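Good morning, and thank you for joining this meeting.

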Amino acid sequence: MNFQQMRDEPLPASAAAFLWRYIRIRPAHFVAMVALVMGAACCAVVVQYGMKLLVDAMAAGSAADQVWHAFGLFMALIVMENLLWRLGGWVGCHTIVGSCADLRVDLFHHLTGHPMRYFKRHFSGSLANRVSAIGAAADKVYGGLTWRIVPPCVDFIGAVALLLAVHGGMALALVGCVIVVAALITVFGVRGRSRHIAFASQSARVGGEIVDLVSNVWTIKAFSGRQRERLRLEREIGIEADSHRSSWMYMEKARVLHDICLTVMAGGMLGWAIVLWRAGQVTAGDVVMVSALTFRILHGSRELALALVETSQQMGVISETLGIVAQPHELSDTAEELAPTRGHIKMLDVSYAYPDGRKVLEHFFLDIPAGQSVGIAGTSGSGKSTLLGLLQRLDDVRSGVILIDDRDIRSVSQDSLRRQIAVVPQEPTLFNRSILENIGYGQPHATEQQIIAAAHQAFCDEFVQALPQGYHTPVGERGVTLSGGQRQRLGLARAFLKDAPILILDEATSALDSDSEAIIQRALCNLMRGRTVLAVAHRLSTIANFDRVLVLEDGEIVQDGTPQELRESQGRFRTLWQMQAMVHNR
Ligand SMILES: Nc1ncnc2c1ncn2[C@@H]1O[C@H](COP(=O)(O)OP(=O)(O)O)[C@@H](O)[C@H]1O
Ligand SMILES: [Mg+2]
């Protein structure tokens, strides 16, 4: 399996499997990194042995060249150790940074595959924070394992080996102590996890809350809500601070326990070594080595304890995020492509309910021949947007089938389906990129000429030329620097550029003033030519010259005919029409 195939596999749900996946993608890098660090840690232990040799040589009053020999060995080990540390750092820097970049991209890619209702359930700010935070968390886990967990383990094994050479009993005692300490730390680490997870989840909530506040700052000002929001945020952050304190204090307690264990252990070992030295069983060099090693293990295992607790915290962060983001996609996708269609739409016996159980469509039938323009009228909440959403497969129908040119839309890839459909919503959303890029989003391979031609067709050109950088002007977050009518025209230009056989307009002109509406109406007429059109219209005059009008009520078609027919026959459409005519004539 190659690199790309591995990354296309579904995301695992557990943090360990998730991190392992990126190790498998760069196995050689990770092995090299860990091997170098282990080598460096080995050198660091053997340096203590070099010190012992030096002390013994000096204490025994050996010949000068023997002392210098020991000194040379000692120095060589130190140089070697540093060399390996730096090499390990160099490899690690490439490996870990690369992996954390990959995993964020993969997570984001998975995130955008969720159906729209997923994004209604989750704060966008907290999702954004999570994707960024998982990179930092993975970085800490990989880095922590490599530089803070592996070296003390190597130290420990090396120390036991060296102590065995000096005194078997001491080596055994060291093993015993470390086992007790490790067991304590593990128990603490596992028991503390729920606190760390609670902290991570509350802190993501606060992140989401702040994004929500910032994006609603206008409302906060307009309704004099600054003080209220301050109190509210204080409450939320207060909860976060409590869970942070609880998670931190837990670590502090673990540290106290650890300190006590290690002071006893280090003191005991050194005392023991001195007793042995007085009895003439070990040399002065041995005492130096035992004390240096014990203090090393003391420091190392303190670092190890912290690293383990922190790693378990970060694993908590990762599994929290995976639990939310890495769920399997609720809509299936296939690789099958929908070939360019003529735009014949059929809905056969379609029933649909929202996840909260609200039934919108039941046993719904509709047949729209290719090239027909269909206006959809009906009161708010009658299911118009739901119907259009189902056609784009923003969600799957509960039963029944939707066909485009006689192909079930579930049997083709979502991307290829949506390539056949251009949508102009009530409020097109814009990226904080240039106008050129925003229009060009409709057709990824469009040339600048094509984009400008589409802008002309949508009557954008005039106002775009007047902007300071023309087509290269950035539009600000969600297009704040443009008026509603201008944003809407950019939305239309996208649809012109996309040039899809099916066109969906969901109240595309409802939010506009009459001037803008007149311009956009002209552009729409051009855009509709030769396409299958489904247009939800609030103002019925906009669909007066369509081929066909449907009136929807509670998810059912209550009227279906040409606009002329519906105006003349008794019914809902006629009433609505007369009401709107009255308002207009007043
Ligand atoms: N995400 C949702 N979750 C639950 N119910 C929804 C959701 N979106 C819409 N509805 C409900 O479905 C019904 C149809 O909504 P919609 O299709 O948006 O109506 P329309 O576009 O005709 O105004 C409404 O009763 C609405 O409350
Ligand atoms: Mg609607």
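This is a predicted model: local features need pLDDT of at least 70, side-chain atom pairs count only at pLDDT 80 or more; totals for chains, interfaces and linings use all residues.

Residues are numbered from 1 along each chain as its sequence is written, and chains are lettered from A and ligands numbered from 1 in the order in which they are written.

Let us begin with strand β7, residues 502–506; strands here are DSSP runs (E, at least two residues) and helices are runs of H or I with at least four, numbered from the N terminus. In β7, 5 of 5 residues are buried, that is, 20 or more other C-beta atoms, placed from the backbone, lie within 10 Å of their own. Ile502, Ile504 and Asp506 point one way from β7, and Leu503 and Leu505 the other way. In a regular strand, side chains alternate between the two faces of the sheet.

Which strands pair with β7? Pairing requires at least two DSSP bridges. Strand β6, residues 421–424, is parallel to β7 over 4 bridges, and alanine 422 has leucine 503 as its bridge partner. Strand β8, residues 532–536, also runs parallel to β7, joined by 5 bridges; here leucine 505 is partnered with alanine 535.

Finally, ligand 1 is surrounded by 14 residues, each with its backbone-placed C-beta atom within 6 Å of the ligand. Tyr354, Gly381, Lys384, Ser385 and Thr386 are the closest. Helix α11 (384–391) supplies at least two residues of this shell, as does α5 (116–121); α11 gives the most, with 3.

How values were computed:
A residue is buried if 20 or more other C-beta atoms lie within 10 Å of its own, exposed if 12 or fewer, and partly exposed in between; C-beta atoms are placed from the backbone.
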